[in-house]
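Me: I have a structure open here and I am new to it. Can you walk me through it?

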Amino acid sequence: MAFFYYLSCSKLALLVLLCFTTSLLHCSAHPDHHGHHPHFASYNYRDALTKSILFFEGQRSGKLPPNQRITWRRNSALSDGSALHVDLVGGYYDAGDNVKFGFPMAFTTTMLSWSVIEFGGLMKGELQNARQAIRWATNYLLKATAYPDTIFVQVGEAGSDHACWERPEDMDTPRSVFKIDKNTPGTEVAAETAAALSAASLVFRKSDPTYSNLLVRRAIRVFEFADKYRGSYSDGLKNIVCPFYCSYSGYQDELLWGAAWLHRATKNSFYLNYIQRNGQNLGADQSDNTFCWDNKHVGARILLSKAFLVQKLQSLHDYKSHADNYICSVVPGTPMSQAQYTPGGLLFTMSDSNMQYVTSTSFLLVTYAKYLTSAHLAVNCGGVLVTPKMLRNLAKKQVDYLLGDNPLKMSYMVGYGTRYPQRIHHRGSSLPSMVVHPTKIQCSSGFSMYNSQNPNPNILVGAVVGGPDQHDNFPDQRSDYEQSEPATYINAPLVGSLAYLAHSFGQL
């Protein structure tokens with residue numbers, strides 16, 4: 001979570017950018033998706049995949065396991081939930097602070113799961129690590145949803161947490177617990193939690209069917225609660241969740257998204273009927289083209305398009321058209337293109353944590369390309385034919401920029417390559433570890449490190465930061481949370497794209 005606050009991923013800044021002038025419609029550096037591996041890849045996608053998953057171990061809250069690989073972290077927040085006499089130990093810190101926010105954690109879980117569902121079969125040895133990253137989240141979400149018609153959606157107070165710069169192991173700020181229920185509904189976070197549990201149930205369906213059944217049963221119950229008691233959690237918990245993770249897009253997108261995941265997980269006709277009956281009212285055909293922790297419309301369209309493209313479910317034909325409209329809006333060089341790119345070629349959506357849009361969009365591109373390839377179809381963008389290969393090219397270009405193919409020749413993934421951010425906005429990374437400094441670092445004492453120009457002493461391997469500005473500049477300043485803070489929801493969709501690219505270039 002940013003030191004001060006995040007702008008919503010739905011409230012886009014009105015920026016006049018230099019357009020991306022080199023059309024990607026004719027890129028030649030691309031993997032052949034028919035199984036023939038090219039001889040050359042610019043980047044080690046396998047190494048990046050390994051590190052993108054490892055990052056989640058650095059974000060763990062709770063009691064760490066014996067096989068913890070990021071060893072400068074220690075146990076933290078072992079009494080979470082005690083304020084309300086419940087067990088809420090575990091889960092993830094969302095970004096560079098020590099608060100557990102349920103809304104972005106659930107979205108992170110959904111996207112990690114979707115990455116594994118689509119590309120887990122290509123991950124080889126990293127599949128088990130990805131599953132562990134998902135299970136760490138779902139174990140927490142099961143605790144958070146243990147009581148019917150109640151979800152514990154936050155542990156910690158952002159205001160008091162942000163007033164300190166301290167390691168999670170030293171936390172002495174209030175670990176207050178906040179919940180939604182019948183009287184204080186929160187449809188967005190409830191429906192996203194249902195989506196996360198549904199998607200994760202598919203991840204564990206074969207490897208752990210008992211756990212999978214537990215997840216999907218809980219998802220059904222949680223979605224029923226989300227739909228029955230409708231209301232925005234940004235209203236009922238406004239002073240707690242705003243301006244940090246307010247929902248600006250409303251809860252309709254999460255209801256559609258949650259129903260889509262439950263349909264995929266259960267194959268129950270109830271959810272298909274729900275989607276057909278409510279889709280339009282829930283914004284199925286809205287023209288927005290951002291996909292993030294707040295706005296799921298685009299993701300729902302891509303997800304539901306699979307049922308038509310691959311499973312030939314004719315009743316969802318419209319979602320192919322809705323998905324095509326999104327694709328046409330982000331591919332440069334088409335008559336319908338609305339996306340903006342930096343001079344160096346990076347998709348630029350807004351100044352705060354822009355890389356989250358890069359990773360989520362890239363994932364949707366390679367996933368939709370997979371669906372289109374299965375159906376032997378392409379996208380017609382106002383007379384310009386956009387093929388699956390073009391979508392993969394665009395996704396690859398975005399991932400390559402992230403890994404170092406940019407004007408600064410800098411990797412925006414910590415620990416990847418020879419040049420990467422040294423002063424990320426992250427408490428645990430920036431302060432001496434418990435190994436080096438076992439005595440407590442007080443709340444305000446950490447600000448001496450926060451304000452210093454020294455590199456962070458602990459390398460948060462795999463962390464992807466917010467990224468450069470609209471001119472491809474990156475100051476690498478710890479205080480610049482917009483550009484220098486990592487977040488779980490930046491990494492989660494990147495896992496899927498990296499698995500695809502590593503496999504395509506014969507690295508897996």
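Reply: We can begin with a definition: a disulfide is a pair of cysteine sulfur atoms within 2.5 Å. Cys164 and Cys443 are joined in this way, with an S to S distance of 2.0 Å.

Me: Before going on, what kind of model is this?

Reply: This is a predicted model, where local features need pLDDT of at least 70 and side-chain atom pairs count only at pLDDT 80 or more, while totals for chains, interfaces and linings use all residues. Residues are numbered from 1 along each chain as its sequence is written, and side-chain values use heavy atoms, with hydrogens and water left out.

Me: What is the average pLDDT of the chain?

Reply: The average is 92, and 92% of the residues score at least 70. The pLDDT is the predictor's confidence in each residue, from 0 to 100.

Me: And where does it stay under 50?

Reply: Residues 2–7 are under 50, and the model gives them 32 contacts beyond four places in sequence. A contact means heavy atoms within 4.5 Å. Residues 10–39 are also below 50, and that stretch has 60 contacts beyond near neighbours in sequence.

Me: Back to the disulfides. How many are there by that rule?

Reply: The count is three.

Me: What is the handedness of the disulfide of Cys164 and Cys443?

Reply: The torsion about its S-S bond is about -95°, so the disulfide is left-handed. Cys164 lies in the loop between α4 (158–162) and β3 (177–181), and Cys443 in the loop between α15 (427–430) and α16 (447–450), which puts the two 279 residues apart. Helices (H or I, at least four residues) and strands (E, at least two) are DSSP runs, numbered from the N terminus.

Me: Is Cys164 buried or exposed?

Reply: Cys164 is buried, at 6% relative accessibility. Cys443 is at 22% and counts as partly exposed. Here buried means under 20% relative accessible area, exposed means over 50%, and partly exposed is in between (1.4 Å probe, protein chains only).

Me: Which other cysteines are joined, starting with Cys242?

Reply: Cys242 pairs with Cys246, with 1.9 Å between the sulfur atoms, and both are buried. Cys328 is joined to Cys381 at an S to S distance of 2.0 Å. That link is left-handed, with -85° about the S-S bond. It runs from helix α12 (residues 317–330), which holds Cys328, to strand β4 (residues 379–381), which holds Cys381, over 53 residues. Cys328 and Cys381 are both buried.

Me: Changing topic, how many aromatic pairs does the structure hold?

Reply: It holds 28. Rings of Phe, Tyr and Trp (its six-membered ring) pair if their centres lie within 6.5 Å; planes under 30 degrees apart count as stacked, over 60 as edge-to-face and the rest as tilted.

Me: Why is the pair of Tyr45 and Phe505 called tilted?

Reply: The ring planes of Tyr45 and Phe505 are at 35°, with the centres 5.6 Å apart, so the pair is tilted. Tyr45 is in helix α1 (residues 45–58) and Phe505 in the segment after α18 (488–504), 460 residues apart. Tyr45 is buried, with a relative accessible area of 0%, and Phe505 is buried at 8%.

Me: What about Phe223 and Tyr274?

Reply: Their centres are 5.4 Å apart and their planes at 75°, so Phe223 and Tyr274 form an edge-to-face pair. Phe223 belongs to helix α6 (residues 209–228) and Tyr274 to helix α10 (residues 269–278). Both are buried.

Me: Which residues do ring pairs link into a cluster?

Reply: The cluster is made of Phe107, Trp114, Phe119, Trp257, Trp261, Phe291, Phe363 and Tyr500. Phe119 also has Lys370 over its face, at 5.4 Å from the ring centre. A charge sits over a ring if NZ of Lys or CZ of Arg is within 6 Å of the ring centre and within 35 degrees of the ring normal. Arg60 is placed in that way over Trp136, at 4.4 Å from the ring centre.

Me: Last one: where is Arg301 found?

Reply: Arg301 is in helix α11 (residues 297–309), and at 1% relative accessibility Arg301 counts as buried. Beyond four places in sequence, Arg301 touches several residues, among them Asp285, Asp288, Tyr319 and His322.
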